[in-house]
Amino acid sequence: MKKEKPCPECHTIMELKKTTLHFEREGFYADVENVSAFICPKCGTRSVPGKAAINIGNTVESLFKSAKEADASGEDGVSSTFSGISFHRVAT
């Protein structure tokens, strides 16, 4: 992975750091923590490298699809089968 990348907004050299990505779709939200991303120290723009961005996007979209289906199939007219999911890698 490249170690340096210019910011697409202000052209400052971005730094490779960890960040949390926030997603929201149709009343559901998801946070993906400890994502390696290029972050601009000047304007704050974030850029997740190619394959990681695709993998995160696919995973989050799948999660939202599953949450929407579970919410729509609530039993006895009760929606919101669950209110949240938290998924973490256990520290070793």
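**Burial and surface**

I looked up burial first: of the 92 residues of the protein, 22% count as buried (under 20% relative accessible area; exposed is over 50%, partly exposed in between; 1.4 Å probe, protein chains only). The model is predicted, so I note that local features need pLDDT of at least 70 and side-chain atom pairs count only at pLDDT 80 or more, while totals for chains, interfaces and linings use all residues. Residues are numbered from 1 along each chain as its sequence is written, and side-chain values use heavy atoms, with hydrogens and water left out.

I then recorded that the protein exposes about 7,200 Å², with carbon and sulfur atoms supplying 51% of that area. Accessible areas come from the Shrake-Rupley method with a 1.4 Å probe; for residues, only the protein chains shown count as cover.

**Elements and sheet**

Helices (H or I, at least four residues) and strands (E, at least two) are DSSP runs, numbered from the N terminus.

I traced the four strands into an open sheet with the order β1-β2-β3-β4 and antiparallel pairing. β1 (5-6) and β4 (46-47) stand at the edges with a single partner strand each, so one side of each has no neighbour in the sheet. Two strands pair if DSSP finds at least two bridges between them; β3 and β4 pair in the antiparallel sense over two bridges.

**Serine 47**

I located serine 47 in strand β4, where phenylalanine 38 stands opposite this residue. Serine 47 is buried, with a relative accessible area of 15%. Its side chain makes a polar contact with the side chain of lysine 5 at 2.7 Å. A polar contact is a pair of N or O atoms within 3.5 Å; within protein, one must be able to donate a hydrogen and the other to accept it, and residues adjacent in sequence count only if both atoms are side-chain atoms. Leaving out residues up to four places away in sequence, I listed Lys5, Met14, Ala37 and Phe38 as touching serine 47; contact means heavy atoms within 4.5 Å.

**Tyrosine 29**

I placed tyrosine 29 in strand β3 (residues 28-39). Tyrosine 29 is exposed, with a relative accessible area of 62%. Under the same exclusion of residues up to four places away in sequence, tyrosine 29 touches Phe23, Glu24 and Phe64. I also looked up alanine 67, which is 38 residues from tyrosine 29 in sequence and 9.9 Å away in space, C-alpha to C-alpha.

**Contact range**

Among contacts between residues at least 6 apart in sequence, I noted that 44% join residues at least 24 apart.
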